[in-house]
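Here is a friendly first look at a protein model. Please have the sequence and the 3D view at hand as you read.

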Amino acid sequence: MSKVHNFSAGPGILPSEVLKEASESCLNFDNMNLSLLEISHRSKNFEAVIDESRSLVKELFEVGDEYEVLFLGGGASTQFAMVPYNLLTDTGYAAYVNTGVWASKAIKESKIIGNTKVIASSEDTNFNYIPKGYEVPKDADFLHITSNNTIYGTQMKSFPKSDVPVVCDMSSDIFSRKINAKDFSLIYAGAQKNMGPAGSTMIMVKKDILGKTGRKMLSMLDYQVHIKGGTMYNTPPVFPIYVSMLTLRWLKKHGGISWIEKINQQKADLLYNEIDRNSLFIGTTAVEDRSNMNACFLLKDASHEPEFDKLWKSMGIDGIRGHRDVGGYRASMYNALPIESVQVLVDAMKAFETKFA
Ligand SMILES: *Cc1c(COP(=O)(O)O)cnc(C)c1O
């Protein structure tokens, strides 16, 4: 089998050693002679998985017991509803920064639950930059931001600091760079971009922000119910949690977030330097807001696309077609993508320039 350079935007690439161990667990988990897929989630073997997953998140984020970690089903999209449902009061309001499709979907859900204000937006230019210089209102129940905008390729390089609880959708850049996790009251991420397979969503929440809405809560949508149940109020997504745990172990073993942040920066520099140097291509976002995870770019002459597509496919590259809202190309460079794959893409762009410029 020849190597595929997997730039998929999500579900995204996972480390090959993680995939190998995960597949072994489907046949014989923990030397039990049983599959992970056929044992009780209450068995001590799986409880060890849950415990390690939760503690790895806290360790990598360097936070203490004032935070709880949950792994729930329903995707990041369910969090769009759960966040305001758990934090928004009758008399208060939620503040949102609108940086794209995902943020807009979060805003839509919050408006159904209660008063919601968009305090900053980059919708005027199809979300090709990150709004800056806005004030976080002091009387909001919470502020919701999106750290990385997967579709447009923009990323917040700094975060608003506030006494108001800051909630962040980190689905597509979680554990890709150092952040000060204590500046956030709630972080959530669908696992399938940068920490595992689809099917589980990680939520890390500061306990003292919960239980203040006065709302009578539906159990499955209540963070406190899931905390009390040790993230096993109902049957959790066992396999996605296990594979996420393996991925976090992989990250820790190789040197943690400071290790991966350096590599992610090298990958991003390599590709963006070529986008800027190459006479045939152009980046689509404000330079200072470029995402280190998803790089979006266009061929200046779109009529060359079929030729370029043929070239990169012949070089073993997969998954760089842009999202339909932006067009062109999007190279997703998640943690598990080796820098060698980025080099192959850069080589393809150089070869294309030699042929067509
Ligand atoms: C993919 C993505 C989502 C949606 O995740 P689901 O798990 O499919 O619900 C939300 N936010 C961001 C930033 C994403 O990249």
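This is a predicted model: local features need pLDDT of at least 70, side-chain atom pairs count only at pLDDT 80 or more; totals for chains, interfaces and linings use all residues.

Residues are numbered from 1 along each chain as its sequence is written, and side-chain values use heavy atoms, with hydrogens and water left out.

**Domains**

- The protein is divided into domain 1 (16–254) and domain 2 (256–356), with bounds that come from an automatic or database domain assignment.
- Between the C-alpha centres of domain 1 and domain 2 there are 28 Å.
- Contact (heavy atoms within 4.5 Å) links 28 residues of domain 1 with 26 residues of domain 2.

**Pockets**

- A pocket is an open set of points, on a 1 Å grid over the protein atoms alone, with protein on both sides within 12 Å along at least five of seven lines, and its lining residues have an atom within 4 Å of a point.
- A volume is the space filled by probe spheres set on the points, which are joined across faces, edges and corners.
- The largest pocket has a volume of about 320 Å³.
- It is lined by 18 residues, and Pro 15, Ser 16, Trp 250, Ala 336 and Pro 338 are the closest to its centre.
- The largest pocket lies between domain 1 (16–254) and domain 2 (256–356), because both give residues to its lining.
- At least two lining residues come from each of α1 (16–27), α6 (238–254) and α7 (256–277); helices are DSSP runs (H or I, at least four residues) numbered from the N terminus.
- With 3 residues, α7 gives the most to this lining.
- By class, the lining of the largest pocket has 12 nonpolar, 4 polar and 2 charged residues; here Ala, Val, Leu, Ile, Met, Phe, Trp, Tyr, Cys and Pro count as nonpolar, Asp, Glu, Lys and Arg as charged, and the others, Gly among them, as polar.
- The second largest pocket has a volume of about 200 Å³.
- Of its 13 lining residues, Ile 130, Pro 131, Lys 132, Tyr 134 and Ser 158 are the closest to the centre.
- This second lining divides into 7 nonpolar, 2 polar and 4 charged residues.

**Cavity**

- The whole structure holds 1 cavity of 30 Å³ or more; a cavity is a set of grid points where a 1.4 Å probe fits but cannot get out.

**Nonpolar cores**

- A nonpolar core is a set of buried Ala, Val, Leu, Ile, Met, Phe, Trp, Tyr and Cys residues joined through side-chain atoms within 4.5 Å.
- Among the 53 residues of the largest core, Phe 61, Phe 175, Met 202 and Met 204 touch the most other members.
- α6 gives the most to this core, with 9 residues.
- Another core lies apart from it and has 30 residues, among them Ile 317, Tyr 329, Val 344 and Val 346.

**A loop residue**

- Pro 236 sits in the loop between α5 (223–228) and α6.
- Pro 236 counts as buried because its relative accessibility is 5%; buried means under 20% relative accessible area, with a 1.4 Å probe and protein chains only.
- Not counting residues up to four places away in sequence, Pro 236 touches His 41, Phe 46, Thr 231 and Ile 241.

Key. Buried means under 20% relative accessible area, exposed over 50%, partly exposed in between (1.4 Å probe, protein chains only).
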